[in-house]
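This report sets out the computed features of a single model, from its overall fold to its side-chain pairs. The sequence and the structure come before the discussion.

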Amino acid sequence: MSIPFSNTYLRIPQGFGNLLEGLTREILREQPENIPAFAAAYFKNLLEKRKKTNFDPAEWGAKIDDCFYNNHAFKDQEISEKHEPEQEKHQASLNDSSGENKEEVAAVKIQAAFRGHMAREEVKKMKSEKSENNKEENV
């Protein structure tokens, strides 16, 4: 006999939501053909960055979320002082991006804008064809 509803409550691990948000944002930005392969490469890159900088965005995001929900994460000053320099280093590395990285970011923006343009043109074409078909049916 199966029970359709259960009173068990599954909890999402801390930081998991932030990881998925970051992955989703990059998938929407890049529009990859093979999403599982892109996700594997994204997480591999994230692990490499975490090893190099000792900065874990999932942990930091979990602490920020925790701050909003129960305000326990920022009570310990040692933890916040420990992560502030690492976050500043991370922000400085983002601001000190090389020309190559800027070109890559610009290329991604241009590609995204072009894809959006092409999609809008296709929608216009489909709408005009639909209105022409409707006119022909009415005549």
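How many helices and how many strands does the protein have? The protein has five helices and zero strands, where helices (H or I, at least four residues) and strands (E, at least two) are DSSP runs numbered from the N terminus. Along the sequence the pattern reads α-α-α-α-α.

This is a predicted model, in which local features need pLDDT of at least 70 and side-chain atom pairs count only at pLDDT 80 or more, while totals for chains, interfaces and linings use all residues. Residues are numbered from 1 along each chain as its sequence is written, and side-chain values use heavy atoms, with hydrogens and water left out.

**Surface and burial**

Of the 139 residues, 17% count as buried. Buried denotes under 20% relative accessible area, exposed over 50%, and partly exposed in between (1.4 Å probe, protein chains only). Among contacts with a separation of 6 or more, 48% link residues 24 or more positions apart, a contact being heavy atoms within 4.5 Å.

**Core and aromatic pair**

The largest nonpolar core has six residues, namely L23, I27, F38, A39, Y42 and L46. Such a core is a set of buried Ala, Val, Leu, Ile, Met, Phe, Trp, Tyr and Cys residues joined through side-chain atoms within 4.5 Å. Helices α1 and α2 (35–53) each supply at least two residues of this core, and α2 gives the most, with four. Leaving aside neighbours within four places in sequence, L46 is in contact with L19 and P57.

The structure also holds one aromatic pair. Rings of Phe, Tyr and Trp (its six-membered ring) pair if their centres lie within 6.5 Å; planes under 30 degrees apart count as stacked, over 60 as edge-to-face and the rest as tilted. The rings of Y42 and F43 have centres 5.3 Å apart and planes at 70 degrees, so this pair is edge-to-face. F43 is partly exposed, at 28% relative accessibility.

W60 belongs to helix α3 (residues 57–69) and is buried, at 16% relative accessibility. The C-alpha atoms of W60 and N18 are separated by 9.2 Å, although these residues are 42 apart along the chain.

**Salt bridges**

There are two salt bridges, each defined as a side-chain nitrogen of Lys or Arg within 4 Å of a carboxyl oxygen of Asp or Glu.

| Salt bridge | N to O distance |
|---|---|
| R29 and E26 | 2.6 Å |
| K124 and E121 | 3.9 Å |

R29 and E26 both lie in helix α1, three residues apart, about one turn of the helix. K124 and E121 are likewise three residues apart, about one turn, in helix α5 (residues 99–138). R29 is partly exposed at 40% relative accessible area. K124 is exposed at 54%, whereas E121 is partly exposed at 36%.

**Nonpolar patch**

I12, F16 and L20 make a nonpolar surface patch of about 290 Å². Patches consist of residues with over 30% relative accessible area and no salt bridge, like charges being joined within 9 Å and nonpolar side chains (Val, Leu, Ile, Met, Phe, Trp, Tyr) within 5 Å. F16 lies in helix α1 (residues 16–30) and is partly exposed, with a relative accessible area of 41%.

Technical notes
Accessible areas come from the Shrake-Rupley method with a 1.4 Å probe; for residues, only the protein chains shown count as cover.
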